[in-house]
Amino acid sequence: MNSKLSLKDGEIVIKFVRKAVEEWVKNNKTLRETPPHGFFNERHGILLSLYYSNSGKLHGRIGYPYPIKSAADVLVRCAVSICQDSRSPALKAADLNNVIAEVSILSEPRAVPRPYEKNF
């Protein structure tokens, strides 16, 4: 699994997320494509955040911590979920020019020893 992405790769990922968000908001449809970039076929844990660009306020954040699905599948599922998450107002077409996406590619979660727990 290649977890290192270049700036250009990151731009491709963000454009894909934007396309998935727009497809859901404008057409109420799930994006059904996978870009040819190898990253999208790899399994990754991913966290997607949407912010309002004019205020910096968080619209929503959702993700998959474990690498159980392809990156393309996870990104599309997260894009759809974040648009209809009941914790935030539904994203509307008028909002699309005012949101920015942030994608975090997560490493495999692992347990961290906590020696301080012995004191409790």
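Modeller: Before any residue is discussed, one term is needed: buried means under 20% relative accessible area, exposed means over 50%, and partly exposed lies in between, with a 1.4 Å probe and protein chains only. This is a predicted model, in which local features need pLDDT of at least 70 and side-chain atom pairs count only at pLDDT 80 or more, whereas totals for chains, interfaces and linings use all residues. Residues are numbered from 1 along each chain as its sequence is written, and side-chain values use heavy atoms, with hydrogens and water left out.

Biologist: What is the relative accessible area of cysteine 83?

Modeller: Cysteine 78 is buried, with a relative accessible area of 1%. Cysteine 83 is also classed as buried, because its relative accessible area is 3%.

Biologist: How many disulfides does the structure hold?

Modeller: A disulfide is taken to be a pair of cysteine sulfur atoms within 2.5 Å. The cysteine sulfur closest to that of cysteine 78 belongs to cysteine 83, and because the two are 11 Å apart, they are too far for a bond. Cysteine 83 is in no disulfide either, its nearest cysteine sulfur being that of cysteine 78. The number of disulfides in the structure is 0.

Biologist: Which residue's side chain is joined to that of serine 49 by a polar contact?

Modeller: Serine 49 is found in strand E1, residues 45–52 (helices, H or I with at least four residues, and strands, E with at least two, are DSSP runs numbered from the N terminus), and with 2% relative accessibility this serine counts as buried. Leaving out residues up to four places away in sequence, serine 49 touches several others, including Leu58, Gly60 and Arg61, where contact means heavy atoms within 4.5 Å. A polar contact is a pair of N or O atoms within 3.5 Å; within protein, one must be able to donate a hydrogen and the other to accept it, and residues adjacent in sequence count only if both atoms are side-chain atoms. At 2.8 Å, the partner of the serine 49 side chain is arginine 61.

Biologist: Which residue's backbone oxygen does the side chain of serine 88 reach?

Modeller: Serine 88 lies in the loop between helix H2 (71–83) and strand E3 (99–106), yet it counts as buried because its relative accessibility is 17%. Not counting residues up to four places away in sequence, it touches His59 and Gly60. The backbone oxygen that its side chain reaches, at 2.3 Å, is that of histidine 59.

Biologist: What is the angle between the planes of phenylalanine 39 and phenylalanine 40?

Modeller: Rings of Phe, Tyr and Trp (its six-membered ring) pair if their centres lie within 6.5 Å, and planes under 30 degrees apart count as stacked, over 60 as edge-to-face and the rest as tilted. The structure holds 2 aromatic pairs. Phenylalanine 39 and phenylalanine 40 form an edge-to-face pair, 5.4 Å centre to centre, with an angle of 75 degrees.

Biologist: Which residues form one aromatic cluster?

Modeller: Two of the members, phenylalanine 39 and phenylalanine 40, are both buried. The cluster consists of Phe16, Phe39 and Phe40.

Biologist: How far apart in space are valine 17 and valine 80, C-alpha to C-alpha?

Modeller: Valine 17 is found in helix H1 and is buried, with a relative accessible area of 1%. Leaving aside neighbours within four places in sequence, valine 17 is in contact with Leu48, Leu75, Ala79, Ala101 and Val103. Valine 80 is 63 residues from valine 17 in sequence, while their C-alpha to C-alpha distance is 9.7 Å.
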